[in-house]
Amino acid sequence: MEAAYGGFTKLMSTVHDVAVVGGGIAGAAAVLSLAQVGLSTLWIRPTTISADVSKVGESLAPAANPILSALGILDLLNNHHHRKANVTFSAWGQAMLVERNSVIHLEGAGHIIDRARFERDLVQLASEVCSTVLDSLLTGVEEADGLWVLSTDYSEGKQAKFVIDASGRSQIIGKFFSRYHDLSVETDDHLVAAYAFMRQKENSEVIVTPATLIESVPDGWWYASLLPSNQLTLNYYSDPDLMPRGLSSDLDEWQSLIQQTNHIAYWLEDAEFIIDRPPKLASAATRWLSSAADLYNGQAGWAAIGDAAVAFDPLSAHGMTTALWAAARMPDVVSSYLEKDYSILYQYAEAVEQGRKDYLTQRNTIYAQEKRFSSCEFWQRRGRKG
């Protein structure tokens, strides 16, 4: 394996079968799946995350289990850093809590994961099998005679026959293409997440229920889940204009928002969780590329996977699962492309588009179930999408 960590390199001799841009779960899973079929891969990724970073997005749906198994990485979840998601409680469309148990899923239980650890473990496995790893940022990409030429802040002139955008919501490759090609970045909403990680008070004797709780409110909805570390992840989803101004620096406003809930506030108080810092903010908007795969200039193949292709509303809880599914499809897409068979490439694009349409239909159906706040702007906006 060739690796470049810092330092400037200029290597024009090697033409890789495929370049993967992005260092998250989608990128690492794609590298692993491509290595399984012997494709030489150039992996351009940001510096690996550190051990103490908390990452939001910890719900892995049951549908991910067979995909992880096929990738040979299901064992990554078989340790104390992750737990099975056996039960979810929701107050959605009604004031009382309703329980949903994992026993209804044919694939078995989903998982609540330590997102940062899972990502690090996945990145480590992928790093061990990848042909060339560049821990750097992509600064340029261009097509030349059917090949991709990629430059980073530490290297230039890297060549690949196919490129995969796994850069997440930043959509680095997709946005580049949208400037020069018949491709656009579409947005359905502007949902924002305010999120925080909470710990119990010191020496608390309360044993917290390992569960997930969802509660809708007039201006949005809440999500709370007990992590395997015994921290609680707490997320509030609303639209930017409905989110209190300055929330990310206003602890009193954050505490006030929490107190407007019923079940969330009770759980925090009963389990003795400490609300001692304001939340961070992140986009949770539904966003997608008008095509998830194509031929650039009719010559060079590319595909987007994970959030770079379609970024889902967190209510779906399918973001990571879809990223893994797409990564597992890449060996067939790339191999057939290299044999000048573009049918699998276009089938992948069609599957992503159909999945996006199905997701929007399902999401609108779920939002329509909440009728208690039909006069509130947040829910009226979702109703207009139904």
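Tutor: Let's start with a term: a residue is buried under 20% relative accessible area, exposed over 50%, and partly exposed in between (1.4 Å probe, protein chains only). This is a predicted model, so local features need pLDDT of at least 70 and side-chain atom pairs count only at pLDDT 80 or more, while totals for chains, interfaces and linings use all residues. Residues are numbered from 1 along each chain as its sequence is written, and side-chain values use heavy atoms, with hydrogens and water left out.

Student: Why is T88 called buried?

Tutor: T88 has a relative accessible area of 13%, and the cut-off is under 20%, so T88 is buried. T88 sits in strand β8, residues 87-91.

Student: Which residues does T88 touch?

Tutor: Leaving aside residues up to four places away in sequence, T88 touches V98, E99, R100, T212 and I214; contact means heavy atoms within 4.5 Å.

Student: What makes α6 a helix, and which of its residues are buried?

Tutor: Helices are DSSP runs of H or I, at least four residues, and strands are runs of E, at least two, numbered from the N terminus. Helix α6 spans residues 263-270, with H263, I264, A265, W267 and L268 buried. These buried residues pack against elements including β8, β19 (212-217) and α5 (251-259).

Student: How do you know that β13 and β15 pair?

Tutor: Pairing needs at least two DSSP bridges between two strands; β13 (residues 147-152) and β15 (residues 158-160) have three, in the antiparallel sense. In one of them, V149 is partnered with Q159 of β15.

Student: What makes β3 and β12 edge strands?

Tutor: The open sheet of four strands runs β3-β15-β13-β12, with mixed pairing. β3 (15-16) and β12 (138-144) each have a single partner strand, so one side of each lacks a neighbour in the sheet.
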